[in-house]
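Hi,

Here is the structure I promised to pass on. Have a look at it first, and my notes come after.

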Amino acid sequence: MAGASAATVLMMAGCAGENPAKNQAAQQPLKVVGQFELHSLDPSTSGGFFTRLQVAETLVDADNQGALQPGLATAWEASPDNLSWRFTLREGATFHDGTAVTADSVVGALETARTKAASPLATVPVKSITAEDGAVRVDLMEPYAPLPAVFGHTSTQILAPSSYAADRSVTEVVGSGPYKVTRLEQPATIELAASEQWQDEKSEIAEVHYQAVGRAESRALLAESGQADVTFGMDPTSLQRIKQAGKLDIAAVTLPRTILMKVNAAHEFLGDSRVRQALSLALDREAMATALLRDPEMAASQLFPPSLPEWHQDDVTPLAHDADEAKKLLAEAGWAPGADGILEREGKKFSVSLRTFPDRPELPLLATAIQAKLKEVGIALDVKVGNSSEIPAGHKDGSLELALYSRNYALVPDALVTLTEDFRPGGADYGAMGWNNADLTSTLNAMSTGTDAGSSEENRRTVTDILHNELPVIPVAWYRQSAVVSDRVEGLVLDPLERSWRLSDLAWSK
């Protein structure tokens, strides 16, 4: 009866108005479904939820190519010695609680971000951040060329003073973007409404409801049944089915993101670069990209995808699949097949574990394929699918052996910032482990301080060559983000930097 009643209502509406579907849609919230849950309100650990949903702004924004654009700051400039920067704030900007965005409130948010280990601002050599008339001044202990790009990272989003408790923990998210939070139930539900305080053009989409749905099959069903307007995190099989059906639009963009196999180079089996090269040679990337990602172009021939043109090297020798060469390198490293076909050395079997997680549905599939390929060269791989937090935890306590995850090298619009973090001498949660290279460190440092004037291209080549040859992380696949879009809405253009879902640009279908 409920289905019949709904059909009757639609038929009556069809007779009564010029475009009832559009009128009805405009009175309903935009329904967004994704795979990620919200476990924290803190900007440094909330996964960029509130910049993607356009609730909060950062001082600096970026276009599709990573070129810096005004955000809450309309302009910025450095002193002649590059030790002082001034960021001019947008006049009239207002938080969702009705209070003005002032230089003091911006300084408060940035000072809090500086205390968070997960924020790239914590590693910037900041001497002080102070308020000036309509501007924020940042004084540095030494020059740091990519500072404006750091202020484009989601951890530096500017929240109203009312967002913070006395201890500076975030108790609610009060931003200055096009949308404000009206309801939030962690970990799965966020509801938004268009902000009356927003200075720019108001969105046609007045309300947005985000729902986290863990299972890829469930997200696909919601998209196909019309219960979701924009659906992220589609598994390759479902996406292929939806493409073939041809009833729903699919937005796609190649990201500056790479699926990686992180290697604990301090492990007794994995410290030898020949072994890491053998692991890489064992992988049939093209077959995995074709069969599992349904996109052979996403097979990673090097660490950086073409969507990072300054770092991608067209003439590099591509990473290839060669099981025989892998076996040869493993033999050179002292490994020989045992009776069961698994390699042995000094009485120990070559058995290691790989941790991954299901938030990105392709990762467990790729992990299983990697397991099969490593077995072909004599390596026993135990795949452990758990929570994504187990990877940084395993890095910290040293228990991690291998991990599979994806890394976006442009979450800070300048990839240099992420590279400096990931491949610093002490390693990083989603970067190197038990590995460092003095030449790499000095080159990245020269680029960060701006002392490499005139040689940036040469230094980028040095960095990419070292990572390509040493393989502290092993590239598996590049990443194309897709979203399934219902026929109720139009105008979705995905952000390759994953900073924003640009929901304010959407309109109800005509």
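This is a predicted model: local features need pLDDT of at least 70, side-chain atom pairs count only at pLDDT 80 or more; totals for chains, interfaces and linings use all residues.

Residues are numbered from 1 along each chain as its sequence is written, and side-chain values use heavy atoms, leaving out hydrogens and water.

The protein has 15 helices and 21 strands (DSSP runs numbered from the N terminus: H or I of at least four residues, E of at least two). Its radius of gyration is 24 Å, close to the 24 Å from the globule rule for 510 residues, so the protein is as compact as a globular protein of that length. That radius is taken over C-alpha atoms, and the rule is 2.2 Å times the number of residues to the power 0.38. The C-alpha trace spans about 75 × 65 × 40 Å along its principal axes.

Of the 510 residues, 53% are buried, meaning under 20% relative accessible area with a 1.4 Å probe, protein chains only. Among contacts (heavy atoms within 4.5 Å) between residues at least 6 apart in sequence, 69% join residues at least 24 apart.

Now to helix 4, residues 103-114. Its buried residues include Val-106, Val-107 and Leu-110, and the buried residues of this helix pack against strand 5 (84-89), strand 6 (126-132) and strand 7 (135-140).

Enjoy exploring it!

Key: Buried means under 20% relative accessible area, exposed over 50%, partly exposed in between (1.4 Å probe, protein chains only).
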